[in-house]
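Visitor: I would like to learn how to read cavities and sheets in a protein model. Please take me through an example.

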Amino acid sequence: MTYRKTPLVDLSPSTNALQGMDKRSLQECFVNHMEFSLAKDEYTATPRDCCVSLALLLRDRMFERWIETQQTYYRQDIKRVYYLSLEFLLGRTIGNALINLDLCETARDALDELGYDLEDLAEVEFDAGLGNGGLGRLAACFLDSMATLGLPGSGYGLRYEYGIFTQHIQNGCQVETPDNWLRYGNPWEIGRPEYLYPVRFYGRVQQIVDDQGRLQYRWVDTKDVMAMAYDTPIPGYRNDTVNTLRLWSAKSTREFDLELFNYGDYEKAVEDKSLSETITRVLYPNDNFFVGRELRLKQQYFFVSASLKDILRRYRKQHATFDAFASKQAIQLNDTHPALAIPELMRLLIDNEGLGWDEAWRITVDTFAYTNHTVLPEALEQWRVALIENVLPRHMQIIYEINHRFLTCVRERYPGDDDRVTRMSIIEEGEEKRVRMAHLAIVGSHAVNGVAALHTRILQHEVFEDFFELWPERFSNKTNGITPRRWLKQCNPGLAALITSEIGDRWVTDLTELEKLVPLAEDSRFRIKWQRCKQQNKERLARYINKTFPAQLKLDSLFDCQVKRMHEYKRQLLNALHVITLYHRIKDHPLSDFVPRTVVFGGKAAPGYKQAKTIIELINAVAEVVNNDREIGDRLKVIFIANYGVSLAEKIIPAADLSEQISTAGMEASGTGNMKFALNGALTIGTLDGANIEIKQEVGDENIFIFGLTADEVKELRIKGYNPWDYYHGNAELRRAIDAVASGFFSPSKPDYFRPLIDSLLNHGDHFMVLADFASYIACQERVSAAFLDRANWTRASILNCAHMGMFSSDRTIREYAQDIWNVHPVSVQLKASKTIRPSSSKG
């Protein structure tokens, strides 16, 4: 990054026009922040200082809109949405803010005159890695859509000091280091010490009878932790709405014990502070093995308790009773992590506000809605009853009472059906009783939704069949979506500009406008421009890869990308077996023509997930052999890009030709990576799983590559009896690939190293049916290679994939939530005309 010591324009610090949207105002604001916020000048400013000054000038332009937005909501006393999520994977904010404020070009010109490059400054910003993957990224997309649609919505979560770990690859192995994303501070957030709430743990419950003879409960002898709010503005696209993401940070009720300090026991004096603030110290990795982990339970309760107290405070400012509570707020539970909000709201309404059980329960059910994100049994959270009784004794009492009343209802509806009662109980009986959090979320919510058509069908007819039979009206589908602002306009500016030049820019807020690209797919001139955009994106990605990968990538090769969280059901192992098969074919026929491929992997494995980490090691071991085999040359390259996250996705996705969405059918709830790749013109190879099914319906059979067993066929094969050895013996190429791994061909110094991986396939059931789908996958990949040779038809299919992505906008998803579940409506926020961002003119 090059910095000029002297600006190209003469700017003296000024206090004028800080909120102006013109070039001169941006320049003055940048210089002002450099001097007055950071105490730096052009001689002492570091790249990070310049990045922070840019962030602060953008933040300034959001603040007055932010204030006006909140005042508008108060004045109109509208119904609000509160989105409770333990993860918000925001990524970098500068690019998103520039786009939504419509300042990209103005800021670029302003900074260029000052001697700085906008893209270089944006690259300095840390990713806000407050999520593990799709769940947190979806939450971030939803906040963007709520603000863009003018919906009165806020997010609530945790301000983790350390986000998702930083991944390094050393000797082919994943090595984790802390992600200290707050090391240099966060210019986007505002601390709110005035919003400080006590959150209680442990203790015991006293029963007393009040003066009117009513039984009352008091939770006493607790250990308290303070929750302090940190707010981040979430701007809508080219409107004056700026919503809020409020994240909670744990603070001790006291900094240190002065008496112990005076006696010289310094470590003990600050122990209370250290233990209290551990709650928000680190984001738990998504390894689905949370049972028994007390810290995780405390995190979940800490954030829902603080959030509900904040919601009640806001409601109480305008309402004396709780008669209108459910008509003034909708609370969406993003998976089961916030499910403790249900007993917590009951506790607050009954114990603190004096409501009766029936009234409190009506308010609770009418307020909450629950989104399920998984059908994997191990990912459906359960907590030991003994743990909850110890950490949250009053809540366990409330959960027992909820369950008692619910099961009474079930028995009345289905008399004598004890098996059904056992299946539906919130408490799972056994050697160790557990609380089924998904059951609690369903019972305590008025609406339950899946996130793709197949996923919802599985919830209704398999996972939660009993609940669907009891309350069919509660269940619905809300297929996930992505924000086109970040996932096309921001991450792929060249393609976005090409699209806008042909059909106008209305697609940014109405993605169905992309349908206007359909006739252009037949235009050879447009196809050439489309190909040029793809090539430029490949060059950009290659430049990034070449920083750590010495060999030159073949830019006209098929960029075959699988980037996502490492998990066995996502079947990165199946992809690796295909790479090995390609390697064997080239070695067997070195003089034959092969369609060159660059196979790109990326994704983090949870630190405790040994099998996923071993798959990473195998991929890197295969890459070591393939990439250093001169006979293979540039016909096949394998790259594992370390530390995959939002900002890396923004480089990889626009460059991809092929999108690998190859999970075992019936196991991926939806997926949003599939949508991002297709929106950027990649063709999908995938199973009929999650949102792949709906993508296939939209783009057409001829523009997608489908293979493998369906969800019903997977189920039938399990019932019939699946024997992976049959597939091993029945397919010579599969057998050869498996044997190469098992024999140590890719790990000569440790010949048996990958044998446990092979044992999981052959001797432990191959639960994710990698072998069952291998032949179909290989045949489908052959169709991919043949199709890629016809660049005109491939580009036509690429354009049509993008053109038919209209239904996969998160704007559409949020509209459906707003209409069908939340019953909230857009609110117009208006600043003075001189301060309003006006939409640019559109074509078409």
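**Cavities and a sheet**

Guide: Three elements, α2 (47-76), β2 (88-91) and β3 (128-130), each supply at least two residues of the lining of the largest cavity. Helices (H or I, at least four residues) and strands (E, at least two) are DSSP runs, numbered from the N terminus. This is a predicted model, in which local features need pLDDT of at least 70, side-chain atom pairs count only at pLDDT 80 or more, and totals for chains, interfaces and linings use all residues. Residues are numbered from 1 along each chain as its sequence is written, and side-chain values use heavy atoms, with hydrogens and water left out.

Visitor: What is a cavity, and how many of 30 Å³ or more does the structure hold?

Guide: On a 1 Å grid over the protein atoms alone, a cavity is a set of points where a 1.4 Å probe fits but cannot get out; lining residues have an atom within 4 Å of a point. Grid points are joined across faces, edges and corners, and a volume is the space filled by probe spheres set on the points. The structure holds 5 cavities of 30 Å³ or more.

Visitor: Which residues are closest to the centre of the largest cavity?

Guide: The largest cavity has about 280 Å³ of space. It is lined by 21 residues, and E125, F126, N186, P187 and W188 are the closest to its centre. With 4 residues, α2 gives the most to this lining.

Visitor: How do the residues of that lining divide by class?

Guide: Ala, Val, Leu, Ile, Met, Phe, Trp, Tyr, Cys and Pro count as nonpolar, Asp, Glu, Lys and Arg as charged, and the others, Gly among them, as polar. The lining of the largest cavity has 13 nonpolar, 5 polar and 3 charged residues.

Visitor: What lines the second largest cavity?

Guide: About 180 Å³ of space lies in it. Its lining has 14 residues, with L90, N96, A140, I234 and R486 nearest the centre. Both α6 (134-148) and β10 (223-235) supply at least two residues of that lining.

Visitor: In what order do the strands of the open sheet lie?

Guide: Two strands pair if DSSP finds at least two bridges between them. Here 9 strands form an open sheet with mixed pairing, in the order β7-β10-β11-β4-β1-β12-β13-β17-β18. Its edge strands, β7 (190-201) and β18 (475-477), each pair on one side only. Within the sheet, β13 (residues 368-371) runs parallel to β17 (residues 447-450), and 3 bridges join them. A447 in β17 is the bridge partner of A369.

Definitions and conventions. On a 1 Å grid over the protein atoms alone, a cavity is a set of points where a 1.4 Å probe fits but cannot get out, and a pocket is an open set with protein on both sides within 12 Å along at least five of seven lines; lining residues have an atom within 4 Å of a point.
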